[in-house]
Amino acid sequence: MAEKKTLIEVKNLKKYFNVGSGAILKAVDDISFAIKEGETLGLVGESGCGKSTTGRTIIRLYEATGGEVIYNGKNIHGLNKAEAKEFTKQAQMIFQDPYASLNPRITVGDIVGEGIDIHNLYSGKQRTEKIYELLNTVGLNKEHASRFPHEFSGGQRQRIGIARSLAIEPKFIVCDEPISALDVSIQAQVVNLLIKLQRELGLTYLFIAHDLSMVKHISDRVGVMYLGTMVEMASSEELYMNPLHPYTQALLSAIPIADPHVEKSRQRVLLEGDVPSPINPPPGCRFKARCRYAKDICSQEMPAFREISKDHFVACHIV
Amino acid sequence: MDLRQEQFKHIGINEEKSQQIIRPSMTYWQDAWRRLKKNPVAMISLFLIVIFAIMSFVGPMLTPYDYFTNDLMNGDKTPSMKHWFGTDGLGRDLWERVWAGAKISLFIGVVTAFVSGVVGTLVGGVSGFFGGKLDMFIMRAIDVLIALPSLIITLLIMLYLGSGLVPIIIALAITGWLGLARLVRGQVLALKEQEFVLAARTLGASSSRLILKHLIPNTLGVIIVSLTFAIPAAIFSEAFLSFIGLGIQPPQTSWGQLASLGIAAMQSYPYQLIIPSIFISLTMLSLQLLGDGLRDALDPRLRK
């Protein structure tokens, strides 16, 4: 298999929020990774670890505090207006909440057609045809175009959101927990639609989720985040078979197994305590307070994110 | 029970059917209207307001008099078949004057509410959307203006511009938009972090598109409700200004002025005060109740 070309490269990305009275919330603190064309990179971690912030900063919804996001050889955080508009045609996002992500006041046809209108891609009859085609692609039909979002179910709404992001034929889509608000039967439907679209249109995904088994199913590689930092990244097979970071091990041991006999004897790595606050975090490894193996060095130095074996990166002093 | 394979037949899934929606398509406004119609109090109020508005044009045609001609021989006549609402001290027909006053009072109410509505929505929308220093500056300016008693501002403007219809509207609109601007700003602040706004931004939507297409339509319910409350407030302020002699100048008239003239004759001819007061009260009450009804009808959380 030929080595694929890198589509998007994130270098030392930082996103801090000023939360008042001098406190700084380090939502994303110095993470680096690359996504190759046509692949799916999964991003997992518990709530508040900065997954969504990472996705939103990559798509320019937030200005980065530091670092670069390089897309097609250009840092997207230093684009002029015309280039920025061109970038919005290349990179799109699918949102988490299918109820909040569609404007309740406009018809589904106009929601799907919004990108077409903004970029003046088609007009009149062609525009209508394109909208019908997009609805068809995501398994809805053209009668739905004149309806309003509140008339649809969660799964249907999420598919409308997917159709909207496909309207301008992007290359790269950030999926920000697209399935966490859906029930399980619909989750599979939406994930399979995403996989099918990727095959047909050659899309590249950054797939953010906290459902580990679903991430394994869809991703080529998986990154694990903890409190604003990337702790481990490897191909999904490698990560699930051979997790190295104690946090990844704990996460993976939480996946239930659909076999009562195995499930009964399964050993879980239980984490104690809560996630520390990302506001002014102490120096050293972010995970040290909950880590079973913590040593002195862990509270003094931030572990480097290094390559342990080929394409398997981990940030831990112990490994 | 005994179930056998033959009793079952495979019917498959009808993809087409599973995606069908049975409920008739309804826009937000149709849905709101449907809910408003179910509220009898609001509907009666709406009916009264519409009747008053129509009568302010039709009413004067029903009698042979006009609202400004003096007829000193027929002064202070109590209501009768000839003069339905009686006449005032100068012999002017009160029926005529009530509807002439209705025209002015309702006009002031609606125009003031509209002007303060547009200004308040735009200022609040811009302030909330752009945030930062601009927001801070606008909000502090509004705080200062709200802290001053609005009566003093209105009186100063009236003294400066003189009395009459246009100065009243300007004076009332200048103090009227402040509350709405705050309200809209709050709504926009909440809405702009909603995912559908973020989605439009990822699609490359410009600020004006975001404000006009996504943010303002979603605050329209709140704006309309606040305007229905602004109309009676403006009518009342005008009534007050006319009452203390700063408002509409004779022979033009408004409900407030009619009440003011009526109070002079209150002991001998109470109907001259009671009739315009009833109209002011009914209009205020109707608009308030309609506002309440609209708030319920436009709130999507109450959708059934």
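**A guided look at chains A and B**

Visitor: Does A:Asn120 count as buried or exposed?
Guide: This is a predicted model, and its relative accessibility for A:Asn120 is 64%.

Visitor: Where does A:Asn120 lie?
Guide: The backbone at A:Asn120 has a positive phi of about 50 degrees, although the residue is not a glycine. As for its place, A:Asn120 is in the loop between helix H3 (108-118) and H4 of chain A.

Visitor: What phi does A:Glu169 have?
Guide: A:Glu169 sits in the loop between H5 and S7 of chain A. With a relative accessible area of 52%, A:Glu169 is exposed. A:Glu169 is not a glycine, yet its phi is positive, at about 50 degrees.

Visitor: How does A:Thr137 count at 25% relative accessibility?
Guide: A:Thr137 belongs to helix H4 (residues 124-137) of chain A. Leaving aside residues up to four places away in sequence, A:Thr137 touches A:Leu193, A:Lys196 and A:Leu197. Buried would need under 20% and exposed over 50%. At 25%, A:Thr137 therefore counts as partly exposed.

Visitor: How far apart in space are A:Thr137 and A:His217?
Guide: Along the sequence, 80 residues separate A:Thr137 from A:His217. From C-alpha to C-alpha, the distance between A:Thr137 and A:His217 is 22 Å.

Visitor: Which strands are the edge strands of the open sheet with 8 strands?
Guide: The order in chain A is S6-S7-S8-S3-S9-S10-S12-S11, with mixed pairing. The twist from one strand to the next averages 20 degrees. Each edge strand pairs on one side only, and the two in chain A are S6 (91-94) and S11 (306-309).

Visitor: How many residues of strand S3 (residues 40-44) of chain A are buried?
Guide: A:Thr40, A:Gly42 and A:Val44 point one way from S3(A), A:Leu41 and A:Leu43 point the other way, and all are buried. Strand S3(A) is therefore largely enclosed by the rest of the structure, its buried residues being 5 of the 5.

Visitor: In S9(A), what is the bridge partner of A:Val44?
Guide: S3(A) runs parallel to S8(A), joined by 4 bridges, and in S8(A) A:Gly42 has A:Phe207 as its bridge partner. S3(A) also runs parallel to strand S9 (residues 221-226) of chain A, again over 4 bridges. In S9(A), the partner of A:Val44 is A:Val224.

Visitor: In S4(A), which residue is the bridge partner of A:Val10?
Guide: A sheet of 4 strands in chain A is open and antiparallel, in the order S2-S1-S4-S5. Strands S2 (24-36) and S5 (74-75) have a single partner strand each, so one side of each is left without a neighbour in the sheet. Strand S1 (residues 6-18) pairs with strand S4 (residues 66-71) in the antiparallel sense over 5 bridges. In S4(A), the partner of A:Val10 is A:Val69.

Visitor: How many of the 8 residues of H1(A) are buried?
Guide: Helix H1 (residues 51-58) of chain A packs on the sheet, touching S1, S2 and S4. Among the buried residues of H1(A) are A:Lys51, A:Arg56 and A:Ile58. H1(A) is largely enclosed by the rest of the structure, because its buried residues number 7 of the 8.

Visitor: What area is buried between chain A and chain B?
Guide: In the contact, 37 residues of chain A meet 26 residues of chain B. A:Leu61, A:Arg105 and A:Glu114 supply 22% of the area that chain A buries against chain B, more than any other three residues. Carbon and sulfur atoms give 51% of the total buried area, which is about 2,900 Å².

Conventions
Residues numbered from 1 in each chain as written. Chains lettered and ligands numbered in written order. Predicted model: local features only at pLDDT ≥ 70, side-chain atom pairs only at ≥ 80, totals over all residues. Heavy atoms only, no water. Pairing = 2+ DSSP bridges. Axes fitted to C-alpha atoms, helices over the stretch in contact; angles between N-to-C directions. Buried < 20%, exposed > 50% of the residue type's maximum accessible area, 1.4 Å probe, protein only. Contact = heavy atoms within 4.5 Å. Buried area = accessible area lost by both parts, 1.4 Å probe.
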